[in-house]
Amino acid sequence: MKMKKKLAIGIENYKELIDKSYYYVDKTLLIQSLLDDGNKVTLFTRPRRFGKTLTLSMLKAYFENEMDWNGKQIENAHYFANMKIAGTGEEYLSHMGKYPVISLSLKAAKQPTFQLAHAQLCEQISNEFSRHRYVLQSSQLLEHEKNKYENLMSGTADEASYATALKFLSDCLKAYHKENVIVLLDEYDVPLENAYFRGFYDQMTDFIRSLFESVLKSNDSLEFAVITGCLRISKESIFTGLNNLKIISVLSQSYAEYFGFTPNEVQEMLAFYHLSKKQEEISHWYDGYLFGETEVYNPWSVINYISDMIKGDSRFPKPYWSNTSSNNIIRTLIEVSDSSVKQEIEGLIAGHTIEKPVYEDITYEDVYKSQDNLWNFLFFTGYLKSTGQRFEIDTIYITMKIPNEEIRYIYRTTIREWFQEKIKASDYHILYQDIFTGNCTGIENFINDQLSDSISYYDNAENFYHGYLLGVLGGIPAYEIDSNKEHGNGRPDLILKPNHPEKPAVIIELKRVSSFKDMKPACTDALKQIEEKHYAKDLEKEGYTNILKYGICFCKKSCMVILSE
């Protein structure tokens, strides 16, 4: 029996993937598109785990005239023998193995201080110099150039040298190979996002700007460059004066099929692993993205889902994508958002759409200037998809919704949890005091404020409100809480019993209605129920003489409280 191809979970090296016969969704025609377009510098922005790093690894394997440390050529043509690019003709195949390549990932710069982040970037640069150290054998380099090269390779160069190191390396490689250089930069926005939240954004921006401008702008040694990241960062921030930059975002129709899996690619993969019956489920959970007008599946989730299914590790879909990256920007923006944002998030969870202006060139300094930036970050990082666009004056307006069930799960859990953590930080002693003194207005105001800060509108079944109050009141010191336990002739929702009989006991009966006008009658019915079913009888037998009886009614995010006289 022929062994099925393994699934490449977490493998981002193209050559390793092919060497070890992993299942590969062929994206090599991206090479043809890049050569046809002839852009000097192309920036691809896509959400996390949509194949950006693997794509750059594939480009490196195809274009690089790769050498070992002794200057012996490494043959890579066999990695593309059975790929789609192999059938495109000599016009494209002539570029295979032709160019020196500089390949750099910036994700190692996710560090707590600028010193550490800068050191990590310099180390990555040094490693790339070391990878090409065969150039030191060349007579084309002058002695002082070799000395500078060795200092950069060993990590002993000064800061100014590292700021322009990629330009210097490209010049050295061109001198050796007699060909212009291809530059591949991965995760370019990671250092900037990290620096913004760590408090050294200006320092990191200055360094990245110098690094990029020197190698990408007016560089006679550059053939072309490809950059990847999640967000487009304003030209004014790190791409100052770079007029040869072509940006391909999730709004662009070009290159849309090269990141993520198309429906046909998913169908082929499911058929290959005899899982075609899972088509509807996998579509419901992981499909729904639109890049330009192209339908796209989340590749990370699809691969993990199929792997779990064929191994028998799970019979059900999971939110594989939710823990693949930090969401600092989104969390921060949500925590400072107003009630309108919360209502819109509730609507999204319920399947509704929202329309927002989209600005592709945000800087991190602009994050808090407008709440519209929250929707921009949610959209460009994969938490929302486009279902329509319109153009008005000079602004694109996009109709957005949650793309699939996996992302809806993240909204229902992770994002709602952030709201709940904010709520839990409240001082509940104010509420407790109001309950024990019969201050109905104070109780209403406290609960209404908390409901306003939550995103639980569409969980407005009575058991949600019951669970909410049970959690809130669970912190009352020296009190025991009975929830739905038999008392008298029924089961009151909540009873608070103090350890000392001189303190007030509390009976709470909850109601939920769908119309605000029904709230007061419902509170009255709750109090009537307390009396008719003798909920206080057991408390009286135990010797409690001060018993407070509350009828509490909820309608959506509004609460009404009435105390029995």
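A residue counts as buried when its relative accessible area is under 20%, as exposed over 50%, and as partly exposed in between, with a 1.4 Å probe and protein chains only. By this criterion, 53% of the 565 residues of the protein are buried. The structure is a predicted model, in which local features need pLDDT of at least 70 and side-chain atom pairs count only at pLDDT 80 or more, while totals for chains, interfaces and linings use all residues. Residues are numbered from 1 along each chain as its sequence is written, and side-chain values use heavy atoms, with hydrogens and water left out.

**Overall architecture**

The protein has 23 helices and 15 strands; these are DSSP runs numbered from the N terminus, helices (H or I) having at least four residues and strands (E) at least two. Along the principal axes, the C-alpha atoms fill a box of roughly 100 × 55 × 50 Å. Contact means heavy atoms within 4.5 Å. Among contacts between residues at least 6 apart in sequence, 72% join residues at least 24 apart.

**Strand pairing**

Two strands pair if DSSP finds at least two bridges between them. The following table lists two pairs.

| Strands | Sense | Bridges | Example of bridge partners |
|---|---|---|---|
| E2 (residues 101–105) and E3 (residues 181–186) | parallel | five | Ile102 and Val183 |

Strand E2 is mostly covered, with four of its five residues buried.

Axes are lines fitted to C-alpha atoms, for helices over the stretch in contact, and angles run from 0 to 180 degrees between N-to-C directions.

The axes of H19 (residues 429–437) and H20 (residues 440–453) come within 8 Å and cross at roughly 150°. The contact is made by Leu431, Asp434 and Ile435 of H19 and by Gly442, Ile443 and Phe446 of H20.
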